Amino acid sequence: MRIDLISIFPEFFDVLDLSLIGKAQREGLLSLHRHQLRDFSFDKHRSVDDTPTGGGAGMVMKPEPWALALEHVLTQPEAAAAEQPPILIIPTPAGEVLTQRAAQELAQAEHLVFAPGRFEGIDQRLLDWAPEHFQVRPMSIGDYVLNGGESAVVVMVEAITRLIPGVLGNPESLAEESHADGLLEYPVYTKPARWRGLEVPEILLSGDHAKIGAWRAQQQEIRTRKLRSDLWAKHVVAREQNLT
Ligand code: ADE
């Protein structure tokens, strides 16, 4: 997968060189490309924002530097060779909320481009122009407001890229983790069996894998019902329709 990240703070994405995503890049499973948005602004101050037309607080990002940066990405060999236009993800609290299902779908893509805005957002005409060249997806990471989209991009890139085959050391952990099947994960324990007076549930020491599996499935249900009644309601409906 190729990922292009365009921002006035491209250093924000340096954390993506660490840990498993850094390793995935070194192994060639993933190529991340950072771009400084100001490199596509040609006035004296390399400015990327201006006052809102019609008045109001704050500043609005100008469409032209964004269009030039995005056109630059489109000239890259991966984009030029692809059958489908790249997916352009615009982080915004007004977007579709990222779910595990959306992450799974986006993990199949060949080319993602992230365009995190700052200030009051990007001029609407950039969003009206972009669908001619990209599959545009405004996306949110939750119902709260960040200072800019960069931290949301880090969250999205991590949620998506860990699902690319080969990125995680042990692919089995994907099948068992929270949200993989619409339920929260069961509680986990390690050694010692007794710690500060607290015991590991006895069944986990039994060596009976069928019983352990059944206990874990039951724990998933108990936890989800207690902590996330919204997910539990969806699970019950899906189960009734025989989808799970
Ligand atoms: N930019 C500001 N807030 C955001 C959010 N919650 N999700 C994605 N991008 C954002």
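Among contacts in the chain between residues at least 6 apart in sequence, 75% join residues at least 24 apart; two residues are in contact if their C-beta atoms, placed from the backbone, lie within 7 Å. The structure is a predicted model, in which local features need pLDDT of at least 70, side-chain atom pairs count only at pLDDT 80 or more, and totals for chains, interfaces and linings use all residues. Residues are numbered from 1 along each chain as its sequence is written. The average pLDDT of the chain (the predictor's confidence in each residue, from 0 to 100) is 95, and 99% of the residues score at least 70. For the complex, the predictor gives an ipTM of 0.97 and a pTM of 0.92.

The chain contains 9 helices and 9 strands, where helices (H or I, at least four residues) and strands (E, at least two) are DSSP runs numbered from the N terminus. Taken along the principal axes, the box filled by the C-alpha atoms of the chain is roughly 70 × 40 × 40 Å. Of the 244 residues, 23% count as buried. A residue is buried if 20 or more other C-beta atoms lie within 10 Å of its own, exposed if 12 or fewer, and partly exposed in between, with C-beta atoms placed from the backbone. An unreviewed UniProt entry lists residues 1–233 as "domain: tRNA methyltransferase TRMD/TRM10-type"; UniProt positions are given in the numbering used here, feature names are shortened, and annotations may be inferred rather than shown by experiment. Over residues 1–233 the chain is 34% helix and 18% strand, with the end C-alpha atoms 35 Å apart.

In soluble globular proteins, nonpolar side chains tend to be buried together. Not counting residues up to four places away in sequence, Phe-114 touches Leu-5, Ile-6, Ile-89 and Val-153.

The residues around the ligand are Pro-91, Thr-92, Pro-93, Ser-140, Ile-141, Gly-142, Tyr-144, Val-145, Leu-146, Gly-149 and Ala-152; a residue is near a molecule or strand if its C-beta atom, placed from the backbone, lies within 6 Å of it. Strand β5 (residues 87–97) provides the largest share of this shell, 3 residues. By class, the shell has 7 nonpolar, 4 polar and no charged residues, with Ala, Val, Leu, Ile, Met, Phe, Trp, Tyr, Cys and Pro counted as nonpolar, Asp, Glu, Lys and Arg as charged, and the others, Gly among them, as polar.

Under "binding site", the unreviewed UniProt entry lists Gly-117, Ile-141, Gly-142, Asp-143, Tyr-144, Val-145 and Leu-146. Gly-117 lies in the loop between β6 (111–114) and α5 (124–129). Gly-117 is buried because 23 other C-beta atoms lie within 10 Å. Beyond residues up to four places away in sequence, Gly-117 touches Met-61, Ile-122, Gly-148 and Gly-149. Asp-143 is found in the loop between β7 (135–140) and α6 (150–161). With 7 other C-beta atoms within 10 Å, Asp-143 is exposed.

Pro-63 is placed in helix α2 and counts as partly exposed, because it has 17 C-beta neighbours inside 10 Å. The contacts of Pro-63, not counting residues up to four places away in sequence, are Ile-122, Asp-123, Arg-125 and Leu-126. A separation of 19 Å lies between the C-alpha atoms of Pro-63 and Pro-86, which are 23 residues apart along the chain.

Some local backbone features were also identified. Lys-191 and Pro-192 are joined by a cis peptide bond with omega of about 5°, and Pro-192 is in the loop between α7 (172–176) and β8 (194–195). Ser-19, a residue other than glycine, has a positive phi near 55°. Ser-19 is found in helix α1 and counts as exposed, with 11 C-beta neighbours inside 10 Å. Arg-196, also not a glycine, has a positive phi of about 50°. The place of Arg-196 is in the loop between β8 and β9 (198–199), and with 5 C-beta neighbours inside 10 Å this residue counts as exposed.
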